[in-house]
Amino acid sequence: MKIVVDENIEFCKEAFEQFGEVSLTHGRKITNELLKDASILIVRSITNVNKELLDGTNVKFVGTATIGTDHLDKEYLDQNKIKYTSAPGCNSYAVTEYVLTTLAYLANLYDFELNQKSIGIIGYGNIGKKLTYSAKAIGMKVLVNDPPLLRENFDYDFAALEDVLQCDIITFHVPMNKKGIDKTFHLLDHEKISVLKPGTIVINTSRGGVVDNKALLDRIQNKNDIISVLDVWESEPLLNQKLLQKVFIGTPHIAGYSYEGKVNGTTMIYDELCNFLNQEKMWKPKLKEIENSKLTIDKSDNFNKFLSDITKQIYDIQKDSNSLKELVNVDTSSLAENFDKLRKNYNLRREFNNYFIPSENLTPNQKDILEKLRFNLA
């Protein structure tokens, strides 16, 4: 049995060699010809799995080690009785911690109190739930919008989108739906961007098309009065270089790139493939030892500086942004290649629950917040 696997999936060979011959390749270079004699395909979000890719092949199982599935043509897969599966929630802590690190960085930089800010969370899935819990732990006012769950009478006091858009911070955690009642393509369009109040922080870690990139650029160019943080971009990897230059923070679709998140994604697909093939689950990932798990802190009554100092020891988001912004002036012919290189060579972050913080100088409130954010107190 031949298994074609995206080479950038964690444990890409070890996890799947139990089932047969593993062929590793770049996700953007997986072709119909390459799959002619393959039975299993394991991808990430950069590979569009559709008739063009699979027609005439023997592929019977498609796994995507990602939380999103908009790159899968589900109708085609269903019609051709091809099993497909994804890894929902695999990197939800990673994305949550990316957002929290961003907010701590901005609060310290602009000297505002997080617990005096409102945050609008659009999408109450695996990430939205975790971010809601964390934001409330910090003391923020949280508004959540999720129309599908509202229609299902989900037990949460959801807010209208127009109210969420008036929050101090707006962050998107929705799938990409290009049509239908729950269309999310250009969910933040020209009209909605125009109603954002000056100083609004806009964070998009979901899919690039959820925010109309041209409309966002127009608002920044015309008024320059909102703070934009983009991890995802329309037309990736050929992102809008003018927008990249203007956003406050820009990163190359790596919000979910924690080591644990990557391993979770591989494990979930491996388990599903074992079930599909009715094989015993023999592989278990052995995680790398973490270096410098004990964080250093200075006693501070300024919680924003305190949290910023802690999170920066784990993840320097400004460094990632600076690396991506080096692509502002590169020739478009090499833009995609450089964007992908940043992702391929990314130094995977470790999640908060790997780290220990000395507790002797912490206030009870600080201890409570840090434990709710999954830090360990030493």
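User: Starting with Cys90, is that residue buried or exposed?
Analyst: Cys90 is buried, at 4% relative accessibility. Keep in mind that this is a predicted model.

User: What is the closest cysteine sulfur to the one in Cys90?
Analyst: That would be the sulfur of Cys12, 15 Å away, which is too far for a bond. A disulfide needs the two sulfur atoms within 2.5 Å.

User: And Cys12, buried or exposed?
Analyst: Cys12 is buried as well, with a relative accessible area of 10%. Seen from Cys12, the closest cysteine sulfur is the one in Cys90, at 15 Å, so the gap is too far for a bond.

User: How many disulfides turn up in the whole structure?
Analyst: The search finds 0 disulfides.

User: OK, switching to charges. How many salt bridges are there?
Analyst: The structure holds 17 salt bridges. One of them pairs the side chains of Glu7 and Lys344, at 3.3 Å from N to O.

User: Where do Glu7 and Lys344 lie?
Analyst: Glu7 is in the loop between strand 1 (2-6) and strand 2 (21-25), while Lys344 belongs to helix 13 (residues 332-344).

User: Is Glu7 buried, exposed or partly exposed? Lys344 too, buried, exposed or partly exposed?
Analyst: Glu7 counts as partly exposed, at 28% relative accessibility. Lys344 is also partly exposed, with a relative accessible area of 46%.

User: Which residue does Lys13 meet in a salt bridge?
Analyst: Lys13 meets Glu17, with 3.0 Å between N and O. Lys13 has a relative accessible area of 42%, which makes it partly exposed. Glu17 is partly exposed too, at 41%.

User: What about Asp70, which partner does it form a salt bridge with?
Analyst: Its partner is Arg207, and the closest N and O atoms are 2.9 Å apart. Asp70 sits in the loop between strand 4 (61-64) and helix 2 (74-79), and Arg207 in the loop between strand 9 (201-204) and helix 8 (213-222). That pair therefore ties together parts 137 residues apart in sequence.

User: Arg207, buried or exposed?
Analyst: Arg207 counts as buried, at 15% relative accessibility, whereas Asp70 is partly exposed at 40%.

Technical notes: Residues numbered from 1 in each chain as written. Predicted model: local features only at pLDDT ≥ 70, side-chain atom pairs only at ≥ 80, totals over all residues. Heavy atoms only, no water. Buried < 20%, exposed > 50% of the residue type's maximum accessible area, 1.4 Å probe, protein only. Salt bridge = Lys/Arg side-chain N within 4 Å of Asp/Glu carboxyl O. Helix = DSSP H or I, 4+ residues; strand = E, 2+ residues; numbered from the N terminus.
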